[in-house]
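These are my notebook entries on two places that I looked up in the structure.

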Amino acid sequence: MSIATPSSLDTILSKGVSLKICGLTNRSEISELLELGVQVIGINFWKRSKRYVSKEVATELLKPYAGKLLRVGVFVNDAPSEIIQLLKNDVIDVAQLHGDESPSDCLEIKAQGYHVIKAFGVDETLNSKLINSYESGVDAILLDAHAPNSYGGTGETFDWQIAKVLAEENPSLSFILAGGITADNIEEAINQTQASMIDVASGAEISPGVKDMEKISLLLNVIHQHH
């Protein structure tokens with residue numbers, strides 16, 4: 001098995017499609033993902049998430065992997081100052097904002113020199129004008145199934161044609177695709193959307209927060225075919 005090479009978000013997004021495994025909750029699984037060759041992991045700081053990890057536990061989990069994995073913190077409506085503190089303390093490398101954060105919230109973090117991903121639930125109100133208003137404050141846009149009460153992680157898909165159109169209308173932005181992606185549909189997801197990164201949580205699990213390394217190996221096999 002190959003060990004993942006540490007890289008910045010920009011570098012990973014520019015090298016063709018990659019895989020992010022989200023909702024990690026224990027160190028042994030993070031080590032296994034590193035051995036498999038996963039480069040990007042996500043930790044969920046939203047207290048109502050089934051995969052919630054406290055800031056204290058996250059510090060213990062993630063500190064040993066600084067420079068080994070790209071560590072993404074998933075937040076829902078946290079104060080930018082609190083997120084910046086975790087970035088400054090080298091607990092995480094990237095902030096993923098999954099709530100109702102404004103363009104100025106994103107810009108506040110980005111202005112400190114950190115990478116920012118802004119997530120959107122795809123519904124009829126999502127359009128290029130809205131996405132474009134965030135452009136100066138983000139490094140990538142994540143598109144997920146619309147889930148206003150759970151802010152993602154539902155295992156539901158959405159119409160990937162919408163993602164394709166939004167990406168074509170915003171060629172200067174990198175797009176990440178999430179929502180119900182599994183080993184059975186990841187190939188179709190990549191081909192339909194041309195996303196720079198595929199984000200998987202429930203599709204890589206036995207149960208919420210418990211990862212299935214066999215499923216992840218199958219996902220990686222498809223990713224590697226696109227390099």
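I looked up the side chain of N170 and found a polar contact with the side chain of N132 at 3.5 Å; a polar contact is a pair of N or O atoms within 3.5 Å, where within protein one must be able to donate a hydrogen and the other to accept it, and residues adjacent in sequence count only if both atoms are side-chain atoms. The model is predicted, so local features need pLDDT of at least 70 and side-chain atom pairs pLDDT 80 or more, while totals for chains, interfaces and linings use all residues. Residues are numbered from 1 along each chain as its sequence is written, and side-chain values use heavy atoms, without hydrogens and water.

I then placed N170 in the loop between α7 (160-169) and β7 (174-177); helices (H or I, at least four residues) and strands (E, at least two) are DSSP runs numbered from the N terminus. I noted N170 as buried because its relative accessibility is 4% (buried is under 20% relative accessible area, with a 1.4 Å probe and protein chains only). Leaving aside neighbours within four places in sequence, N170 is in contact (heavy atoms within 4.5 Å) with S128, I131, N132 and F175.

I turned next to helices α4 (residues 80-88) and α5 (residues 103-110), whose axes come within 10 Å and cross at roughly 25°; axes are lines fitted to C-alpha atoms over the stretch in contact, with angles from 0 to 180 degrees between N-to-C directions. I therefore recorded α4 and α5 as roughly parallel (angles under 35 degrees). The residues in contact are P80, S81, I83, I84 and L87 of α4 with D105, E108 and I109 of α5.

Note on methods
Buried means under 20% relative accessible area, exposed over 50%, partly exposed in between (1.4 Å probe, protein chains only). Angles under 35 degrees count as roughly parallel, over 145 as roughly antiparallel, 65 to 115 as roughly perpendicular and the rest as oblique.
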